[in-house]
Amino acid sequence: MSVIITVAPTGPIATKADNPHLPTTPEEIADAVLGAYRAGAAVAHIHLRDESQRPTADLGIARRALDLIADRCPILIQLSTGVGLDVPFEDREKLVGLRPRMATLNPCSMSFGDGEFLNPPRGVRRLAAAMRDVGVKPELEVYDSGHLDACLRLLDEGLLAEPLQFSIVLGVGGGMAATADNLLAMVRRLPPGSAWQVIAVGRANLRLTGIGLAMGGNARAGLEDTLHLRKGELSPGNTPLVRRTAQLANALDQKVADVTAAEVMLSLPAGNGGNQ
Ligand code: KMH
Ligand code: ZN
């Protein structure tokens, strides 16, 4: 049995003030992705930052990051359309025009820590249709049980195609708490044949990632989800987090999927002239 490791090198919130090893420029992000690829990651979940480290949907910055990554390694790109809490939905959805192999689709609006994450129903449908029309596979980020029902409605409407691909996000303030009970309840409800991974944010990251692997899920690792390697110890980059996740999988007698295996496991449409 193989597991796919996705590296999430930079998220929407932390800055270098929180962890100086957080990559924020396209060059730093590409270098971080290369380190993660060498440590076993087959997918890279990508957020961009501007010169002030703010989350951005700037197409030039995104294009540059994707090109630099492609120069370094053949990792599969999953572009975040979540981008950041203060970036308008209309700007976020334009990223699909860069035609990454995958992009995130966040199905519902929600409180997100002290902020708001806006994913209006009409915009979500428009984004799902755009992904379907250009052959970008959606990675569905569900933060609560009702978000799964919203995804199943999109499936009924023909805006998504099976097999579906889910991230079960645990530990965001405003979403499900990071508990094994919540994870199990979600996994039980996924359509048969769905690919899934845990995104466990913050302190519960290691424990819930391990539980997800033991349950047969894929895994995500990186500074987007936790800045720490263990309590009180900042991770000196993304590679140590990816390496530890690969070791965890190996200890469970699971192989780490390479890019070719991951493409098959995720039923990715063929590359369409965009980025990996
Ligand atoms: N950090 C995630 C929990 C996305 O990438 O589409 C939220 C997020 C969404 O970043
Ligand atoms: Zn993200």
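This is a predicted model: local features need pLDDT of at least 70, side-chain atom pairs count only at pLDDT 80 or more; totals for chains, interfaces and linings use all residues.
What spacing do the donors of the zinc ion, ligand 2, follow along the chain? They follow H-x1-H-x176-E.

The protein donors are His-45 through NE2, His-47 through NE2, and Glu-224 through OE. They lie 2.0 to 2.1 Å from the zinc ion. His-47 sits in the loop between β3, residues 43–46, and β4, residues 48–49. Glu-224 sits in the loop between β13, residues 218–221, and β14, residues 228–230. The pair therefore ties together parts that are 177 residues apart in sequence. Is His-47 buried or exposed? His-47 has a relative accessible area of 5%, and the cut-off for buried is under 20%, so His-47 counts as buried.

Now the fold. Eight strands form a closed barrel, in the order β2-β3-β6-β7-β10-β11-β12-β13, and the pairing is parallel. From one strand to the next, the twist averages 25°.

β11, residues 165–170, and β12, residues 195–200, are joined in the parallel sense by six bridges. Ser-167 has Gln-197 of β12 as its bridge partner.

Helix α4, residues 121–134, touches β7, residues 102–105, and β10, residues 137–142. The direction of α4 makes about 165° with that of β7. Helix α5, residues 145–156, touches β7, β10 and β11. For α5, the angle is about 150°, taken against the direction of β10.

How many cavities of 30 Å³ or more does the structure hold? It holds two. The volume of the largest cavity is about 80 Å³. There are 13 residues in its lining, and the closest to the centre are Thr-6, Gln-165, Gln-197, Asn-218 and Leu-266. The elements giving two or more residues to this lining are β11 and β12.

Where is Gln-254 placed? It is in the loop between α8, residues 239–251, and β16, residues 255–256. Gln-254 is buried, with a relative accessible area of 7%. Leaving out residues up to four places away in sequence, Gln-254 touches Met-1, Val-3, Leu-213 and Ala-249.

To go back to the opening: the letters H, H and E in the spacing stand for donors His-45, His-47 and Glu-224.

Terms used
Residues are numbered from 1 along each chain as its sequence is written. Chains are lettered from A and ligands numbered from 1 in the order in which they are written. Side-chain values use heavy atoms; hydrogens and water are left out. Two strands pair if DSSP finds at least two bridges between them. Helices (H or I, at least four residues) and strands (E, at least two) are DSSP runs, numbered from the N terminus. Axes are lines fitted to C-alpha atoms, for helices over the stretch in contact, and angles run from 0 to 180 degrees between N-to-C directions. Contact means heavy atoms within 4.5 Å. Donors are N, O and S atoms within 2.8 Å of the metal (3.2 Å for Na, K and Ca); water is not among the atoms, so sites may look incomplete. Buried means under 20% relative accessible area, exposed over 50%, partly exposed in between (1.4 Å probe, protein chains only). On a 1 Å grid over the protein atoms alone, a cavity is a set of points where a 1.4 Å probe fits but cannot get out, and a pocket is an open set with protein on both sides within 12 Å along at least five of seven lines; lining residues have an atom within 4 Å of a point. Grid points are joined across faces, edges and corners, and a volume is the space filled by probe spheres set on the points.
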